[in-house]
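Me: I would like to learn how to read pockets in a protein model. Please take me through this one.

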Amino acid sequence: MNYVTVNPCKVCQPLGAILAFRGIEGAMTVVHGSQGCSTYMRLHLTHHFAEPIDVASSALNEKDTVYGGAANLKLALKNVIARYKPALVGVTTTCLTETIGDDVNRIVNEFKAEEQVNDVIIIPVSTPSYTGAMIDGFNLAVEATLNVLTEEGEKENCLAIIPAANITPAEIREVKRIMDNFAPFIFFPDYADTLDAPFFEELPLIFPGGTKIEEIKRVGRCKAGIILGVCAGKNLARLLTEKFGVAARQLPLPVGLKATDVFFQTLAEITGRTIPARYQWERRLLLDAMIDAHVITYGKRVAIFGDDADLVLALARLVVELGMVVAICAVGPPNKEFVRQGAAAETILNPVDFDELAQAVRKTRLDLLMGNSKGKFMAKEKNIPLLRFGFPIHDRLGAGRQQIFSYRGAIQMVDLIANTILENEDLFVSIS
Ligand code: SF4
């Protein structure tokens, strides 16, 4: 066990909040902290999604750190509203402004009164990065937005779908494709088009797309809600159920056969619709692909890691369905639900940093690594392939287009995993 963290296996909270605000139509984010925090986050997001990411900063310096960052934050808000003309501004805090104790709610209220701002919604969210990780920041920003915007009211025939895990724009599109066959729905936050955007002749300041503010207001009127994720998102399930009377269920990410079955069965149960024949057909296609791949994947040993417990668990369940052995299952930030559910693994590491993970990987016989780009050093040292999933993926193209959800996504995964094993074994044979 390490007594200090060496190369943390997690990404910081405000970055997750930026991702959530990017899923609201017309929204912009101000990071309240030093310039370096927002630069790091912008770069990480830009490299991962291959899209320009604008994030404003209150740019605190040494003096502001001593005397407080109120003046900087007010100036940042004024500039952002004047330049971007957003419908909504998310204000996310950082380690620095949490440590000095800036009262962001008070500063925002003062700003609105001083500048007579009535037509722009401003949502502060507390995201200290010395605790939690990206997914916590994401969930806290979603919770703060629902708290500010969502209204109670008579229930409508509508289903709220809220991800509590790091899912890709392509996966959002896949969930929406499925939902179109079941019931009217509100997907929030929807960053499918803002983080996987088409070519623009003239770059917009704020990318079109995102959940409409009017839709977020109506989330409280949905008769049911699905939170995608079981290791995170308890705060969202509680909020929907207790504050708005929306019957919310938490489901595992629909990755692999069983978890996708659960997703479809839940949709059928909530909506009273039968599962359309096309998805039953896709399920049979997946079964066929799994049978084809079994001879290649059976008994192969894999280490899966990341900072998003739900994604790591989803990948672990999928490879177990392929007859593989999860030798190491590792998640950076502490998560009791992950430890409880990750029982199929030989070794569970949680919490863990990359130093400890690399030591475990060195001692274990493995055929494959699955996780974010930061695992490439372990893969090189071990001379085994790394299949990149999660965040960040900054050394490969197409992270936003990766789609592992539903039977369709699982079929792609089966081919990818089996072909990677074949490729590696061929390489090994030719070298020897
Ligand atoms: S961990 Fe803290 S200091 Fe570092 S980028 Fe994130 S908010 Fe800023």
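Me: How much space lies in the largest pocket?

Reply: Rolling a probe the size of a water molecule over the atoms shows where empty space is left. The model here is a predicted one, and in it the largest pocket holds about 740 Å³ of space.

Me: Which residues of the lining lie nearest the centre of the largest pocket?

Reply: The lining has 38 residues, and those nearest the centre are K10, G132, G332, P333 and P334. Two or more lining residues come from each of α7 (134-149), α11 (234-244) and α14 (309-321). The largest share belongs to α7, which gives four residues.

Me: How does the lining of the largest pocket divide by class?

Reply: It has 18 nonpolar residues, along with ten polar and ten charged ones.

Me: How much space lies in the second largest pocket?

Reply: The second largest pocket has about 460 Å³. Its lining is made of 22 residues, and L386, L387, R388, R396 and Q402 are the closest to its centre.

Me: Which elements each supply at least two residues of that lining?

Reply: They are α17 (376-382), β13 (386-388) and α18 (406-431). Among the elements, α18 gives the most to the lining of the second largest pocket, namely four residues.

Me: And how many residues of this second lining are nonpolar, polar and charged?

Reply: Twelve are nonpolar, five are polar and five are charged.

Key
Residues numbered from 1 in each chain as written. Predicted model: local features only at pLDDT ≥ 70, side-chain atom pairs only at ≥ 80, totals over all residues. Heavy atoms only, no water. 1 Å grid on protein atoms, 1.4 Å probe; cavity = no way out; pocket = protein on both sides within 12 Å on 5 of 7 lines; lining within 4 Å. Points joined across faces, edges and corners; volume = space filled by probe spheres on them. Nonpolar A, V, L, I, M, F, W, Y, C, P; charged D, E, K, R; others polar.
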